[in-house]
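These are my notes from a first look through one structure. I went from ring pairs to pockets and then to backbone angles.

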Amino acid sequence: GGDILASEGKVTLSTALDNSGLEKGIKGISGSLGGLENVVKKLGRTIASAFAVKAVATFFKQTVDAFAAYEQLAGGVETIFGESAAAVKAYAEDAFYTAGASANEYMEAVTGFSASLISSLGGDTAKAAQIANTAMVDMADNANKMGTAVESIRTAYQGFAKQNYTMLDNLKLGYGGTKTEMERLLADAQTITGIKYDISNLADVYTAIHVIQEKLGIAGATAAEAEKTISGSAAMTAAAWKNVLAAISGGGDLDKAINNLVFSISKYFENIVPVVERALAGVGRLIEQVA
């Protein structure tokens, strides 16, 4: 409230502040803000809970899907390889390191050409399991060394199983995509080893490619990158994690899968920590120079 006072020709405005009203208003606002804070906290907890529930649901779906795929793929391997299926599964469990692939990815790719491979070996499934693994590792090594997508290389290998050589040039080994060029590759491999390779025999074709990749220094690239590079160890970790997802529900040896994941993560940090340290040191020098 206020009064207007007149004195000696001057007009003075006099105001009186109602402290009790102001305090009441502040308390009211404070109370409202406190209530709003509680609402926000409750909302935050609700959202967090919703995300947690969704994350758990997603995780369990991934484990079920991974196991379902493992079950189906392992069944296919058992059908094709018979008594040698255990060897193929063992190779598949190690593929996170040797071929940069999960066990499921490995078995899926192997079953695409194994029937023809076993046939070329006269039914010798044990030998077929060994050569199939060599081929899988060769595919990954080629992709890592030459930069071609591994899917493209796997398609080429599956084509070779059908006497289709049009994608031989995908391997970037210096040979074109023709039957004549594949014959030249086999002849070059024979020059290196002294062994004759028959183009009509798939096992010979895969073995000859391995010989050429060894000569070019491509063999072993995947394992080397998994040990020493950020991208390689990251790919290895991703594959190892997929194996854990499948193993949780019974798709493989869970203890081994967990140990492989721990190994992969440790390699990743071994590779990335020095890089981060150098980056931080470099930023420090940059700031120093700019200053």
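I counted two rings of Phe, Tyr or Trp (its six-membered ring) as a pair if their centres lie within 6.5 Å; planes under 30 degrees apart are stacked, over 60 edge-to-face, and the rest tilted. The model is predicted, so I kept to pLDDT of at least 70 for local features and 80 or more for side-chain atom pairs, while totals for chains, interfaces and linings use all residues. Residues are numbered from 1 along each chain as its sequence is written, and side-chain values use heavy atoms, with hydrogens and water left out.

**Entry 1: aromatic pairs**

I searched the whole structure and got 7 aromatic pairs. One of them is Y97 with F263, edge-to-face, at 6.1 Å centre to centre and 65 degrees between the planes. Y97 sits in helix 2 (residues 85-98) and F263 in helix 11 (residues 254-290), so this pair ties together parts 166 residues apart in sequence. I took helices as DSSP runs of H or I with at least four residues, numbered from the N terminus.

Next I looked up accessibility, where buried means under 20% relative accessible area, exposed over 50%, and partly exposed in between (1.4 Å probe, protein chains only). Y97 is partly exposed at 24%, and F263 is partly exposed at 29%.

I then turned to F113 and Y206, which also form an edge-to-face pair, with 5.3 Å between centres and 85 degrees between planes. F113 is in the loop between helix 3 (103-111) and helix 4 (114-120), and Y206 is in helix 8 (residues 202-215), so the pair ties together parts 93 residues apart in sequence. F113 is buried at 2%, and Y206 is buried at 1%. Ring pairs join F113 and Y206 with Y157, F160 and Y165 in a cluster.

**Entry 2: pockets**

For pockets I used a 1 Å grid over the protein atoms alone: a pocket is an open set of points where a 1.4 Å probe fits, with protein on both sides within 12 Å along at least five of seven lines, and lining residues have an atom within 4 Å of a point. A volume is the space filled by probe spheres set on the points.

The largest pocket holds about 380 Å³. It is lined by 24 residues, and those closest to its centre are A99, G100, A101, V150 and R154. Helix 2, helix 3, helix 5 (125-146), helix 6 (150-160), helix 9 (221-228) and helix 10 (230-248) each give two or more residues to this lining. I sorted the lining into 12 nonpolar, 7 polar and 5 charged residues. Here Ala, Val, Leu, Ile, Met, Phe, Trp, Tyr, Cys and Pro are nonpolar, Asp, Glu, Lys and Arg charged, and the others, Gly among them, polar.

The second largest pocket holds about 180 Å³. Of its 17 lining residues, A103, K242, N243, A246 and G251 are closest to the centre. Which helix gives the most to this lining? Helix 10 does, with 4 residues. By class, the lining has 7 nonpolar, 6 polar and 4 charged residues.

**Entry 3: positive phi**

Most residues other than glycine have a negative phi, so I noted exceptions. Q163 has a positive phi near 60 degrees; it lies in the loop between helix 6 and helix 7 (179-193) and is exposed at 52%. K172, not a glycine either, has a positive phi of about 55 degrees. K172 is in the loop between helix 6 and helix 7, and it is partly exposed at 47%.
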